[in-house]
Structures are given as C-alpha cells and as structure tokens.
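Hi,

Here is the structure I said I would pass on. Have a look at it first, and my notes on what turned up follow below.

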Amino acid sequence: MSRIGKKPVVVPTGVEVNIRDQEITVKGQRGTWTRAFHPHVQIELKDGQLIVKPRLEGRKYSAVWGLSRSVLANMVTGVSTGFTKEMEIIGVGYRATVADSILKLNLGYSHPIDFILPDGVTASVDKNTFVSIHGMNPETIGQVCADIRKFRPPEPYKGKGVRYTGEFVLRKVGKKK
C-alpha cells in the first residue's frame, strides 16, 4: 500500500478539474495543465477531492499509485498558487537582470550570458544577486534552475558561483606555505 497514494488531493475553490479516460485537465487562475496518467491507476473526483486508486494490487501498481497522486497534487497546486525556486549569485561583479523573458547573467566571463526562459516560466531579480524563478510546473522550474546553475556552479575555495538559496557548499582549505 502506498502511504502517499492513500491521501486525497483537495481541490481548492477556483480550480476546475476535468477527467476524460486517463487524461486529466486542471484549470485555475495561473493557467491550464493537461496530462495523461498511467493506465494502472484510476482517478475519481468526489466531494471536491481527487481520489487516486490502483487498478490491481502489486509492487509496481503501488509505485505508480503514489507517483500519480504526487503529480496530480502538483498540478492542482501549480494552477492555483504556482511554484517558486530561489537562487543566489555570489562573486565580485556577478549579477543578473531580467528583460521580458530573457535573464541576463554576468558571471565573470568575458561576455554576458542571455538565458531565454521557456513558456510559462518567469523570473524576478532582487538586489542584482537574488533570482526567483516562478511557474506552475515544478519539473520545468527545476530544469531551468539546473541550467542556470550549470553556467557557473559554486566552487569550493571561495564559494563563488550560482547556488540555490540555503544550499551548503563545502569549503576547502587553499594552498599552505
């Protein structure tokens, strides 16, 4: 039995759910999200709650059951409130700015990096060094943050680079005389 799968997903007011076979469409104030679910699970809407059940019993059915419930909960949360991931840029002269859907990064290279944000993802910058990525799909937000971090990952000697807010970077001791 899946502990996560047993929990119902509460649908808040202002969110509309449409179930057609294995395709679920969730519509809210931030947009519409449609996704096809695995045929091993069945999804029902009862009394403002989405209930996910496995069609048969077994280990692989339980795994798909919990995953489907988590994805469905992310869909409901995404269209109602959305998700945010925050990053910080550390280093002398390192900064970021946003113009339309382009994130401009100065990360110590000889040229600025123009990162084009995908559809449905927005960014905001505070104090030139704190970047917040907003959107309704947590998978897309995580991938965008990983792509931004790849430009200049935090290095272990001075700690310079792009890191997630609250991330711990293990610092190494430099050369000794």
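Let me start with an open sheet of three strands in the order 2-3-4, paired antiparallel. Strand 2 and strand 4 (31–36) are its edges; each has a single partner strand, so one side of each has no neighbour in the sheet. From one strand to the next the twist averages 15°. On the terms: helices (H or I, at least four residues) and strands (E, at least two) are DSSP runs, numbered from the N terminus, and two strands pair if DSSP finds at least two bridges between them. Angles run from 0 to 180 degrees between N-to-C directions, with axes as lines fitted to C-alpha atoms, for helices over the stretch in contact.

Before going further, the ground rules: this is a predicted model, where local features need pLDDT of at least 70 and side-chain atom pairs count only at pLDDT 80 or more, while totals for chains, interfaces and linings use all residues. Residues are numbered from 1 along each chain as its sequence is written, and side-chain values use heavy atoms, with hydrogens and water left out.

Back to that sheet. Strand 2 (residues 16–20) and strand 3 (residues 23–28) run antiparallel and are joined by five bridges. Ile19 has Ile24 of strand 3 as its bridge partner, and Val17 stands opposite Val26 in strand 3. The hairpin has two residues between these strands, and Asp21 takes a positive phi near 55° there. Helix 2 lies across strand 3 and strand 4, at about 25° to strand 3.

Helix 2 itself has 22 residues and reaches 32 Å from its first C-alpha to its last, close to the 32 Å expected at 1.5 Å a residue (the expected span being 1.5 Å times one less than the number of residues). Ser80 lies in this helix, which covers residues 59–80. Is Ser80 buried or exposed? Ser80 counts as buried, because its relative accessibility is 16% (buried is under 20% relative accessible area, exposed over 50%, partly exposed in between, with a 1.4 Å probe and protein chains only). Leaving out residues up to four places away in sequence, Ser80 touches Pro12, Val15, Gln29 and Arg30, where contact means heavy atoms within 4.5 Å. A polar atom of the Ser80 side chain also lies 2.9 Å from the backbone oxygen of Val76. Just after the helix, Gly82 takes a positive phi of about 90°.

The other sheet to look at is an open one of four strands, ordered 11-12-7-13 with antiparallel pairing. Its edge strands are strand 11 (121–126) and strand 13 (161–164), each pairing on one side only. Neighbouring strands here are turned by 25° against each other on average, direction ignored. Helix 3 (residues 138–151) packs on this sheet and touches strand 7 (83–90), strand 11, strand 12 and strand 13; its direction makes about 10° with that of strand 7. Strand 11 and strand 12 (residues 130–135) are antiparallel, with six bridges between them, and Val121 has Gly135 of strand 12 as its bridge partner.

Then there is the pair of strand 9 (residues 102–106) and strand 10 (residues 113–116). They pair in the antiparallel sense over four bridges, with Asp114 in strand 10 as the bridge partner of Lys104. Their hairpin has six residues between the strands, and Gly108 takes a positive phi near 90° in it. Strand 10 has a covered face, Ile113 and Phe115, and an uncovered one, Asp114 and Ile116.

Two loop residues also deserve a look:

- Asp47 has a positive phi of about 55° although it is not a glycine. Asp47 sits in the loop between strand 5 (41–46) and strand 6 (49–54), and counts as exposed at 81% relative accessibility.
- Asn128 is not a glycine either, yet has a positive phi of about 65°. Asn128 is in the loop between strand 11 and strand 12 and counts as partly exposed at 39% relative accessibility.

Finally, the whole chain: three helices and 13 strands, with 34% of the 177 residues counting as buried. The C-alpha trace spans about 65 × 40 × 20 Å along its principal axes.

Cheers

Conventions: A polar contact is a pair of N or O atoms within 3.5 Å; within protein, one must be able to donate a hydrogen and the other to accept it, and residues adjacent in sequence count only if both atoms are side-chain atoms.
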